[in-house]
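Reader: Hi! I'm new to this one, could you walk me through it?
Author: Happy to, let's bring it up on screen.
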Amino acid sequence: MSSPVCSCAEHVTKLTQQASIMRREIKNLRQQMDGSIRAHRKQMSTLQSILTGYRKHDDRSQPKNKSPSQNPSGMNQLLEQGRIQTVPIGYISSCFAVKNGTPRQPTVCSSSRARLKIEPSVFNNPEHSLVGLEQYSHIWIIFLFHKNGQMSCKAKVKPPRLNGEKVGVYSTRSPHRPNALGLTLAKLEGITGDTLHLSGVDVIAGTPVLDIKPYIPDYDSPKTRIEDISEYRQTPSYTDPQMTQLRDLDEELDTSEMSSELSSEVRVCPGSTSDFSQSEQPGSSGETDVLAEVKNYLKQQHVFAEYPTEDKNTDTSEGTSDNTMFLTSSSLKFGCDDYSAIAAWVRSPPISKLDVRFTVNAEKELKEFVPSDSTDGTRPRFQFLKGTDEAVAAIIGILSADPRSVYRRTRCQDRLFFFTLDTADITCWFGDGFAEVVRVKPVQSSEPTNAV
């Protein structure tokens, strides 16, 4: 008789296959559960916003009575603890209706436009709060990221420009923050009554605005961090040829008629935030600014060469004092870096800008749109943009910065990308180093929805 053949290996193989199938099923169930939780949170957030809107409507319709919570002592205590209830001063009406395709920074799309109407519930005469603001060219807007979907946040985030690399949330401008507050700089095009007309915005329609402040370069643009070398150590007499040239530069700057103006005005760095309001004073010249930059750089270089941070032949405990600070090689700054410091990935991200193309059909469809002030009722009309040129500039600005998320950039490379600009629905696709617009159609509604 032949001995029975052991089938243990087959049983093990079948059990392994069944276990693998069970793991996949469990993973799918977890993904479905996570999706259901996210959908539930979004629905609850929508219901909460609707109830808040009804509550505001009821409060406005009923006569206002003094409540016990308005006790001055109680309010002062809450204010000292930092626990206050914010009230939006208005809601943005923007050419961007949804998050998809909205630029992440205001400089990405300078031709974008928006309006902000001050709520009458904040002031009895809202236009009075804007008196004097027309003297400024730009304003800071403090707003709420109302479309985050949830209030949870993480200590580390993945900025799209870093292509998946994690950094601390406070070193980024991520909307997912503990308090979901945003800050942006917008150009003030004009004021009509209680309404501000803005351009260069990066916020969507319906965004609650908590406050606005005028942009003042003298206060908001950082000056050079090394204004006076004497703060670090008393500068010795200049004896080398390089310092002789520096002394000549000093004399030339001191004797020029613009020396007093240069010492008092804010030196603006090209390409920085202060590009929004570059105002040259009469008589200023580029040569004088360059001489001032060279003078400051030579001062730094001289002190760095004269007083190295490490001297093996000198006892540091006896030769230096505790309060003495020396310049290191990283402290030498020139040009833009002489005013402020930023993370290297902001100016040199791992992803590069994209070339933007338009198909012949897309160009033809875009030319069918007429400006916002046109009376032609037979063609699609922009609500905010003033013509096709502004629309083209906005589309190029948005797509060149690659508005896709890291997930779409890596997992959905072969899919079409859709976004809305003013009253136009844009369809495009991304290739290797470029983005191409393939279709431009009017949106279904004549106006972007203003979600409150």
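Author: One term before we start: helices and strands here are DSSP runs, numbered from the N terminus, and a strand has at least two residues. Also keep in mind that this is a predicted model.

Reader: Got it. Where is Ala180 found, then?
Author: Ala180 is in the loop that joins strand S5 (167-168) to strand S6 (181-192). Its phi is positive, near 55°, and Ala180 is a residue other than glycine.

Reader: Okay! And is Ala180 buried or exposed?
Author: Ala180 is buried, as its relative accessible area is 5% and the cut-off for buried is under 20%.

Reader: Which aspartate has a positive phi too?
Author: That would be Asp422, with a phi of about 55°. Asp422 sits in the loop between strand S10 (417-421) and strand S11 (424-430). At 1% relative accessibility, Asp422 counts as buried.

Reader: How do S10 and S11 pair?
Author: They run antiparallel, paired over five bridges. Leu421 stands opposite Ala424 of S11. The two strands form a hairpin with two residues between them, and that is where Asp422 takes its positive phi.

Reader: Which strand does S11 pair with besides that?
Author: S11 also pairs with strand S12 (residues 434-442), again in the antiparallel sense, over seven bridges. For example, Thr427 has Arg439 in S12 as its bridge partner.

Reader: How many residues lie between the strands in the hairpin of S11 and S12?
Author: Three, and in that hairpin Gly433 has a positive phi near 85°.

Reader: How many residues of S11 are buried?
Author: Five of the seven, so S11 is mostly covered.

Reader: Changing topic: how many aromatic pairs does the structure hold?
Author: Six. One of them joins Trp140 and Tyr215: the ring centres are 5.7 Å apart and the planes stand at 75°, so this pair is edge-to-face.

Reader: Where do Trp140 and Tyr215 lie?
Author: Trp140 is in strand S3 (residues 138-144), while Tyr215 is in the loop between strand S8 (208-214) and helix H3 (217-220), so the pair ties together parts that are 75 residues apart in sequence.

Reader: Are those two buried or exposed?
Author: Trp140 counts as buried at 19% relative accessibility. Tyr215 is buried as well, with a relative accessible area of 4%.

Reader: Nice. What about Trp429 and Phe434?
Author: Trp429 and Phe434 make an edge-to-face pair too, with 5.2 Å from centre to centre and 90° between the planes. Trp429 counts as partly exposed at 33% relative accessibility, whereas Phe434 is buried at 12% relative accessible area.

Reader: Which charged end sits over the ring of Phe434?
Author: That is the charged end of Arg357, 3.8 Å from the ring centre.

Reader: And which residue lies over the face of Phe430?
Author: Arg404 does, at 4.0 Å from the centre of the ring. Phe430 also belongs to a cluster: ring pairs link Phe430 with Phe417 and Phe419.

Methods
Residues numbered from 1 in each chain as written. Predicted model: local features only at pLDDT ≥ 70, side-chain atom pairs only at ≥ 80, totals over all residues. Heavy atoms only, no water. Phe/Tyr/Trp six-rings, centres within 6.5 Å; stacked < 30°, edge-to-face > 60°. Helix = DSSP H or I, 4+ residues; strand = E, 2+ residues; numbered from the N terminus. Buried < 20%, exposed > 50% of the residue type's maximum accessible area, 1.4 Å probe, protein only. Lys NZ or Arg CZ within 6 Å of the ring centre and 35° of its normal. Pairing = 2+ DSSP bridges.
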